[in-house]
Structures are given as C-alpha cells and as structure tokens.
Amino acid sequence: MELGSVSAAHGSVESGTMAGVGKCILVTGPPGVGKTTLIMRICENLKLSNPSIKLQGFYSQEIRQGGERVGFEVVTLDGRRARLASSTISSPESRQWPAVGKYKVDIASFESLVLPELKIREDTGLFIVDEVGKMELFSSYFFPAILNILQSNIPLLATVPIPKFGKDIPAVVRLKNHPGAAIFTLDKSNRDVMKDRIYPQLAGMLLKP
C-alpha cells in the first residue's frame, strides 16, 4: 500500500513517505508504453551533465525474427548482451526452464550477465534495472541483489510491471513499500514530459552524500 500520492495533469508520482526522500525511483506502466526508452533517455542526460558518473545495470529488449517477437534479451549499459527468454529454442536443457506464456526463461544466461552488474563497487554512482519482473525474478539471486542495493547509499532507477489483474508481484510490492521510494506511472499521455519530472529528482539523489 502506498501511503501518499501527488497527481498532476501530466502524470503522477506516489511515494512510500514523500517524494524526494530515499534512493529509489520506480517507473511503472503498461507493456510497450516506453518505460525502457524513458530510463535510457534519463541515463543519456545524466552522462551529459556528469560524464564521470559510473552507471551500472541493464535494460531489456525484444528479440525479433521476421517481424515477430521470439524472445527477450538483457543488455548492459556498455552493450553486452545475453538471452533472457525465448519462444524458439528447443533443447533438452531448455525443457527444464521456467515459462512465462510461450517464452522459456534462460536463468543461467540472465544471471551470468546481470548479477556481476548489480555488485556494489566503490565508484558506482547509479544502478539501472529494467526490469524487476516475473521473468527476472525466476533467478533466486536477482532480488537479493536488488535489496542489497537498496541497503547501500547508491540510488536505484528501476522499471516494474503494472499490476496484472489488479495483483502486484510480491517483490514489486516490497520495492514500492521501500521507505522513500518514488513511483512514477507512465502512460501515453504523460510519457513525453515524465523525463522532466524524474530527472531533477534523480539528480538530487545523486548529489546527496
């Protein structure tokens, strides 16, 4: 349960306590609304304004063949890639993989790329996680790594799925209830202005000791 919310004509932000407190910004919204595009634009702006900032993390994107979506991959901020899920792979090993709809989730591939990216280092300025969703959470090590980040003094910018059938994933509920977490809901009417709402708040977090 979120304890407070502030709404505006161009969007809304909800917070466990109040906006601007804490080190966690969560972007949610329906699939395809532009959550990944939004956080990548924010990253680009941060790097332009602070070239020395060390960003760690990953984003997710579709894998397409002949115009059809056949899977998803995770991509680090420096361009390294690994398979997250596939609807076309067929092997004895893949028969043991968990499934989300028609997609089989390659946990080992995901963990091999993402877990090192989520390790806290002395020079880390910001963690980017796109997304904390059902596929990613099949990894038993993924969410503990996110909680470890939240316990540090390093800001986290993450995307989370919108509740399906009105029911949130328990791990996402826990993130939303993190003290000071600011939650921004993206939709087609506000996605062009939401960057200007999130960026100043995130920049302010980066300036805090």
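How many salt bridges does the structure hold? There are 9, where a salt bridge is a side-chain nitrogen of Lys or Arg within 4 Å of a carboxyl oxygen of Asp or Glu.

Before you start clicking: this is a predicted model, with local features needing pLDDT of at least 70 and side-chain atom pairs counted only at pLDDT 80 or more, while totals for chains, interfaces and linings use all residues. Residues are numbered from 1 along each chain as its sequence is written, and side-chain values use heavy atoms, leaving out hydrogens and water.

**Stop one: charged pairs**

Select Lys176 and Asp168. Their side chains form a salt bridge, 2.8 Å from N to O. Lys176 is buried at 9% relative accessible area, and Asp168 is buried too, at 18%. (Buried means under 20% relative accessible area, exposed over 50%, partly exposed in between, with a 1.4 Å probe and protein chains only.)

A network is next: salt bridges with shared partners join Glu62, Arg64 and Arg69. Within that group, pick Glu62 and Arg69, whose side chains meet in a salt bridge at 3.2 Å, N to O. Glu62 is partly exposed at 36%, and Arg69 is partly exposed at 32%.

Now jump to Asp78 and Arg80, another salt bridge, with 3.2 Å from N to O. Asp78 counts as exposed, at 57% relative accessibility, whereas Arg80 is partly exposed at 37%.

**Stop two: aromatic rings**

Time to show the rings. The count here is 4 aromatic pairs. The rule takes rings of Phe, Tyr and Trp (its six-membered ring) with centres within 6.5 Å; planes under 30 degrees apart count as stacked, over 60 as edge-to-face and the rest as tilted.

Select Phe58 and Phe142. Their ring centres are 6.2 Å apart and the planes sit at 65°, so this pair is edge-to-face. Colour by secondary structure and you'll find Phe58 in strand E4 (residues 55-65) and Phe142 in helix H3 (residues 142-151), 84 residues apart. Helices (H or I, at least four residues) and strands (E, at least two) are DSSP runs, numbered from the N terminus. Phe58 and Phe142 are both buried.

Phe110 belongs to helix H2 (residues 107-117) and Phe142 to helix H3, so the pair ties together parts 32 residues apart in sequence. Phe110 is buried as well.

Finish with three residues selected together: Phe58, Phe110 and Phe142 make up one aromatic cluster.
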